[in-house]
Amino acid sequence: MAQGTRSASGARRAARAGPMPLRTNAAPKRGAPPARAGAAERDPRSPTLTWDDLRVALAVGRAGSLARAAEVLSVDPATVSRRIAALEAALGAIVFTRTKAGMIATDAGHAVIARAMEIEHRTMLIEEEVAASRTAKGVVRVAGGMWTIARLAAVGVPLMQRDYPELCLRLISCRPPVDLPSGLPTVSLWFEATPRDNEFSITLGEAPYGIYARADRDPSTLPLLSHRNEDGPARAPDRWAIVQSDHSETAPVAASDSMILREAVRAGVGKALLPMCLAENEPQLKRIGSGEPDLVRPLQMHVHPDIVQFTRVQGLINALRANFQTIFGRADAI
């Protein structure tokens, strides 16, 4: 009876105290914010994907090594390595394989580089669109063959400075395809070159060619010097030289660039097919024949479809088209 009285009394005290708290196996951490109902559990200390890491991965993918990427980004290689490690931790995947030949992108790495390139293009386009000035302003990198880039520097740049004073050109002499590590807006100028899969071509104009010899020499006594593309398919001047040459003899000089052949013609080594813009104002040279050019070559600009939207690239295209004859046509048009 006494036991029953004690039990009833305990029940009344429990009712006044309220319900007993639910016991758990682990106590909540002090200072932790209350969990939201239905919220997914996530460790706030988990690695996150950032544009800085993607930008570094893009630089490594273009450069092929940590050291080269660090040079392009103006940081030390340890920083590049740390950024790549952070990116791989955030993605839970290996982005690059480290080999003796350099950094090789994995399948995941190729996907990262492709998307990072899209982000880079969109970022630069945003900068263009929000700029206070809508004039052609900023840096554009222009790559192309030796004589094309030299002619652009000598004649084209002064004309562009007149029309677009805030446009800055970085001129690079190379051979296709262009594979440069930095993310600067880049266009390339080529004759008879196939664009890459992610590029298209814009025809800027047609460059005329003629046969030239040294002015004080009898052209009939001079051999025909030859264009020759050693690391790719034959170009139009190569094919023209093969048709015109005397197959019984070998040309004393063959060169891959018209500026080299012009120097040989100046020295009296032979005669050669040269761009008229390079030869017509040279007092030491004279054209063999007259009238229509012996060869005409379309000059094309290869450009990425995202890059072509930039105001500075549009300014460059407009300037090249407007001044094409002065830069790459007959030199007596200047």
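Student: In which loop does Ser74 lie?

Tutor: This is a predicted model, in which local features need pLDDT of at least 70, side-chain atom pairs count only at pLDDT 80 or more, and totals for chains, interfaces and linings use all residues. Residues are numbered from 1 along each chain as its sequence is written, and side-chain values use heavy atoms, with hydrogens and water left out. Helices are DSSP runs of H or I of at least four residues, strands are E runs of at least two, and both are numbered from the N terminus. On that basis, Ser74 lies in the loop between helix 3 (66-73) and helix 4 (77-91).

Student: Is Ser74 buried or exposed?

Tutor: Buried means under 20% relative accessible area, exposed over 50%, and partly exposed in between, with a 1.4 Å probe and protein chains only. Ser74 has 65% relative accessibility, so Ser74 counts as exposed.

Student: What is the phi of Glu192?

Tutor: Glu192 is found in the loop between strand 5 (186-191) and strand 6 (200-214). Its residue type is not glycine, yet phi of Glu192 is positive, near 50°.

Student: How are helix 6 and helix 8 oriented to each other?

Tutor: Axes are lines fitted to C-alpha atoms, for helices over the stretch in contact, and angles run from 0 to 180 degrees between N-to-C directions. The axes of helix 6 (residues 146-163) and helix 8 (residues 258-266) come within 7 Å and cross at roughly 85°. Angles under 35 degrees count as roughly parallel, over 145 as roughly antiparallel, 65 to 115 as roughly perpendicular and the rest as oblique. Helix 6 and helix 8 are therefore roughly perpendicular.

Student: Which residues of helix 8 make the contact with helix 6?

Tutor: Contact means heavy atoms within 4.5 Å. Helix 6 contributes Met146, Trp147 and Ala150, and helix 8 contributes Ser258, Met259 and Ile260.

Student: Which residue is joined to Glu282 by a polar contact of 2.5 Å between side chains?

Tutor: Glu282 lies in the loop between helix 9 (276-279) and strand 10 (285-287), and counts as buried at 18% relative accessibility. A polar contact is a pair of N or O atoms within 3.5 Å; within protein, one must be able to donate a hydrogen and the other to accept it, and residues adjacent in sequence count only if both atoms are side-chain atoms. The side chain of Glu282 has its 2.5 Å partner in that of Arg266.
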